[in-house]
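Reader: I would like to learn how to read a protein model feature by feature. Could you walk me through one?

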Amino acid sequence: MGDHVSKRLKLSAETDMEERCFQNPYPDWDQRAAGPAADPEAEPGELPDAEGQVSAAFQRKVQSKVKDLLQQMEEGLKTADPHDFSTYTGWTGIALLYLQLHRVTHEASHLQRALDYVKRAMRILNGRRVTFLCGDAGPLAVGAVVHHRLNNTADSKECLSRLLQLQRSVLSPDAELPDELLYGRAGYLYALLYVNKEIGADAVDQSTITEVVTAIVESGKNLSAEQKKAERCPLLYEWHNKQYIGAAHGLAGVYYMLMQPAAQLPADVLSELLRPSIDYVRHKRFRSGNFPSSLSNESDRLVHWCHGAPGVIHMLIMAYKVFKEDKYLKEAADCAEVIWQRGLLRKGYGICHGTAGNAYAFLSLYKLTQEKKHLYRACKFAEWCLDYGTHGCRIPDRPYSLFEGMAGAIHFLSDVVKPEASCFPAFEL
Ligand SMILES: [Zn+2]
């Protein structure tokens, strides 16, 4: 889906799924990829070597493409919607990309650009939504971090205090607020955890985080009771009357946030409510290893971060870290197989439903296991992104944005050369 709001009807009818995946153009490549340059199509030393290091030649290629795409993006942004301040498709997403580029290159000009873009975003906030990806919390959290990096302490604190003011509507029980990541409470929780990670653990105090976490847990318990699912799935969430599974609108995204160590979910809630709910979702998986878009959907079609294995894999990886049970890791590896086979998308190169977002699954699994197979796969998807625009993919509605377009591909490319420090934007912590 493009705009998750305007295409909601289309989404709920699930008719926008005519898009098919590309066949992976590297058949049986894995079997041969046991050592350096095992892929005959690759020039020696192009991909990660036997130690799992991304080679200097590949790094140079990626870095040069990043520069090239960045120029195209800047040119393209001249005609972008001036009123879209969001992280998902607007100015804050571009600011977040420049923060990332500053993190990996330490070039001061990137930080300055991040400031320019986030200021542009903060001038046009509308008070309509509370999340990091689609609401005011994104610009305010990114603004707090950019100002902090520039040692503008007063400005950073001002952003933080405005971020915390949003809490009232997040906690208000009469608010018609969902819990999912794009528009709901989990998307506000992410903003709080993000500023604590970037600025320091006392930027937002733990009691505030606990209040938000409690609101999410209570909401999940209530829906579960209402739907008489307390036995099977004690924490249940829905968005527009549909119980989605994926990372963007669904259970996997909410559970993933609740499992973050910094969320400090009480141990009994973790074991008695969250864990059985995660296992309930696990049992919905298709024979292929992929996951349905919602609890009521039976068709194994979508392989996106927003719907399908590329989002659910992050929940499984986190469940493995928290519960230390091999079944979670095994199923995460199965997700990676699905993504490897079917994860190059006609929808393009972006983060939400594109190749870059899918490739982050390999990076996350690589960080966890240190198995170089996963890094190879991330590099192969990066190679695909290096040929940006040549595969006949559909042009997204916001072609230069972070979650739909070019900025997302640049973010991924800048991460793939430093895989240990890679981080799925607006999601991983
Ligand atoms: Zn999507």
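Predicted model: local features only at pLDDT ≥ 70, side-chain atom pairs only at ≥ 80, totals over all residues.

Reader: What does a record say about Cys 306, Cys 352 and His 353?

Author: The UniProt annotation "binding site", from an unreviewed entry, covers Cys 306, Cys 352 and His 353. They spread over 48 residues of sequence yet cluster in space, with a largest C-alpha distance of 6.3 Å.

Reader: Is Cys 306 buried or exposed? And what about Cys 352 and His 353?

Author: For this we look at relative accessible area, where buried means under 20%. Cys 306 is buried because its value is 1%. Cys 352, at 0%, counts as buried, and His 353 is buried with 8%.

Reader: Now to a helix. How far apart are the end C-alpha atoms of helix 10?

Author: They are 30 Å apart. At 1.5 Å a residue, the 21 residues of helix 10 (residues 206-226) should span 30 Å, so the two values agree.

Reader: Which residues are buried in helix 10, and what do they pack against?

Author: An α-helix has 3.6 residues a turn, so residues three or four places apart point the same way. In helix 10 the buried residues include Thr 208, Ile 209, Val 212, Val 213, Ile 216, Gly 220 and Leu 223. The buried residues of this helix pack against helix 7 (153-165), helix 8, helix 9, helix 11 (251-258) and helix 12.

Reader: What follows helix 10?

Author: Lys 228 follows helix 10, and its phi is positive, near 55°. Backbone angles like this are worth a look elsewhere too. His 106 is not a glycine, yet has a positive phi of about 60°. His 106 lies in the loop between helix 4 (91-105) and helix 5 (108-122), and counts as exposed because its relative accessibility is 63%. Gln 264, in the loop between helix 11 and helix 12, has a positive phi near 50°.

Reader: How many residues has the largest nonpolar core?

Author: The core has 147 residues, and those with the most contacts inside it are Leu 163 and Trp 305. Setting aside neighbours within four places in sequence, Leu 163 is in contact with Ala 137, Leu 140, Ala 141, Tyr 188, Ala 191, Leu 192 and Val 195.

Reader: One last stop: where is the place of Tyr 183?

Author: Tyr 183 is in the loop between helix 8 (167-171) and helix 9 (185-199). Tyr 183 counts as buried, because its relative accessibility is 9%. The C-alpha atoms of Tyr 183 and Thr 131 are separated by 5.7 Å, although the two residues are 52 residues apart along the chain.

How values were computed
Residues numbered from 1 in each chain as written. Heavy atoms only, no water. Helix = DSSP H or I, 4+ residues; strand = E, 2+ residues; numbered from the N terminus. Buried < 20%, exposed > 50% of the residue type's maximum accessible area, 1.4 Å probe, protein only. Expected span 1.5 Å × (residues − 1). Contact = heavy atoms within 4.5 Å. Core = buried A, V, L, I, M, F, W, Y, C linked by side-chain atoms within 4.5 Å. UniProt positions renumbered as here; feature names shortened; annotations may be inferred.
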